[in-house]
Each structure stands twice: as structure tokens, then as C-alpha cells.
Amino acid sequence: MRILGDLCLLVAFVGIHFLMRHTTFGSAVYAVGGNDEAARLSGIHVSRVRISVFAITSALAAVSGILTASRIGSGNPSVGTGFELDVIAAVIIGGTSFSGGIGTAGGTLIGAFIV
């Protein structure tokens, strides 16, 4: 089961890295994260980008929940309690700004390995 989790991590990382670096959607995400009003004035549909980002995030959270439930053999809603600070620390160590618009998937992956 560990190999499946590692494979899902690799596929998600490659997919997100490609999406953020090589598509116009990735550029729109960085623009909306940096300044949503400037992004709106430059012709980006801010609400569409936000909804898409939330949908991608919830799909990845669902995959994570499925993998966690299959690993422990049951559905426990409190299994991730206490990991919130670790996740925030990994993202900040990886170079993502609190104010938005700055950060990479690779930096977040390195930050997660450090934490």
C-alpha cells in the first residue's frame, strides 16, 4: 500500500508542477494569488480560477483521504488532527509567501521532506 501512496504523490506532483509552470491556468493562479484585482483588470476570470483551484484541492484531499482510510483500514475523521502546523511549516519552508503569488510545487515538496 505504501507504493501506491508514493505513486499517487509522484503523479500529483508532476501534474501540479506541469499545470503551474506550463499552462495559462497556472499563470492565472499566480496572478490571482498575487493580486486578484489586477488579475481581474487584466482579463482573468478570478471567480472561475478560484473555483477551479478549490475543486483541484478538494479532489486531491479526497485521494488523500481514500489512501489514508485504506492504510488504516477504517474511516476515522480525526486521523489528520495535529498535522495542520506541519503542513503550514512545510509550505512556508518551501518558499511560498503568506501574501500569495509566490511559491512552487517543488519548493513545497522539499519543505515537506525537511519537516
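1. Helix H2, residues 24–34, has four buried residues: Gly26, Ala28, Val29 and Val32. Because these residues cover an arc of only 160° around the axis, they are placed on the same side of H2. The cover over the buried residues of H2 includes helix H1 (2–22), helix H3 (36–41) and helix H4 (46–72). The model is predicted, and the points below should be read accordingly.

2. As to overall architecture, the protein has 6 helices and 0 strands, and the order of its elements from the N terminus is α-α-α-α-α-α. Its C-alpha atoms fill a box of roughly 50 × 25 × 25 Å along the principal axes. Among contacts with a separation of 6 or more, 45% join residues 24 or more positions apart.

3. Burial and surface may be taken together. The protein has 115 residues, of which 13% count as buried. The exposed surface comes to about 7,900 Å², and 69% of it is supplied by carbon and sulfur atoms.

4. The largest nonpolar core consists of 7 residues: Met20, Ala28, Val29, Val32, Ala39, Val46 and Val49. The largest share, 3 residues, comes from H2.

5. Val46 deserves a separate comment. This residue is placed in helix H4 and belongs to the largest nonpolar core. Val46 counts as buried because its relative accessible area is 13%, under the 20% limit. Apart from neighbours within four places in sequence, Val46 is in contact with Val32, Asp36, Ala39 and Arg40. The C-alpha atoms of Val46 and Ala31 are separated by 9.2 Å, the two residues being 15 apart along the chain.

6. Ala39 is another member of the largest nonpolar core. With residues up to four places away in sequence not counted, Ala39 touches Ala31, Val32, Ile44 and Val46. Val32, for its part, is one of the buried residues of H2.

7. How many salt bridges are found in the whole structure? The search finds 2. In one, the side chains of Asp36 and Arg50 meet, at 2.8 Å from N to O. Asp36 lies in helix H3 and Arg50 in helix H4, so this pair ties together parts that are 14 residues apart in sequence. Asp36 is partly exposed, with a relative accessible area of 32%, and Arg50 is also partly exposed, at 39%.

8. In general, an α-helix has 3.6 residues a turn, so residues three or four places apart point the same way. Arg40 counts as partly exposed at 46% relative accessibility, and Glu37 does so at 40%.

9. Leu4, Leu7, Leu10, Val11 and Val14 make a nonpolar surface patch of about 450 Å². Leu10, one of these residues, lies in helix H1. Helix H1 is also among the elements that cover the buried residues of H2.

Conventions: Residues are numbered from 1 along each chain as its sequence is written. This is a predicted model: local features need pLDDT of at least 70, side-chain atom pairs count only at pLDDT 80 or more; totals for chains, interfaces and linings use all residues. Side-chain values use heavy atoms; hydrogens and water are left out. Buried means under 20% relative accessible area, exposed over 50%, partly exposed in between (1.4 Å probe, protein chains only). Helices (H or I, at least four residues) and strands (E, at least two) are DSSP runs, numbered from the N terminus. The arc is that of the directions from the helix axis to the C-beta atoms. Contact means heavy atoms within 4.5 Å. Patches are made of residues with over 30% relative accessible area and no salt bridge: like charges are joined within 9 Å, nonpolar side chains (Val, Leu, Ile, Met, Phe, Trp, Tyr) within 5 Å. Accessible areas come from the Shrake-Rupley method with a 1.4 Å probe; for residues, only the protein chains shown count as cover. A salt bridge is a side-chain nitrogen of Lys or Arg within 4 Å of a carboxyl oxygen of Asp or Glu. A nonpolar core is a set of buried Ala, Val, Leu, Ile, Met, Phe, Trp, Tyr and Cys residues joined through side-chain atoms within 4.5 Å.
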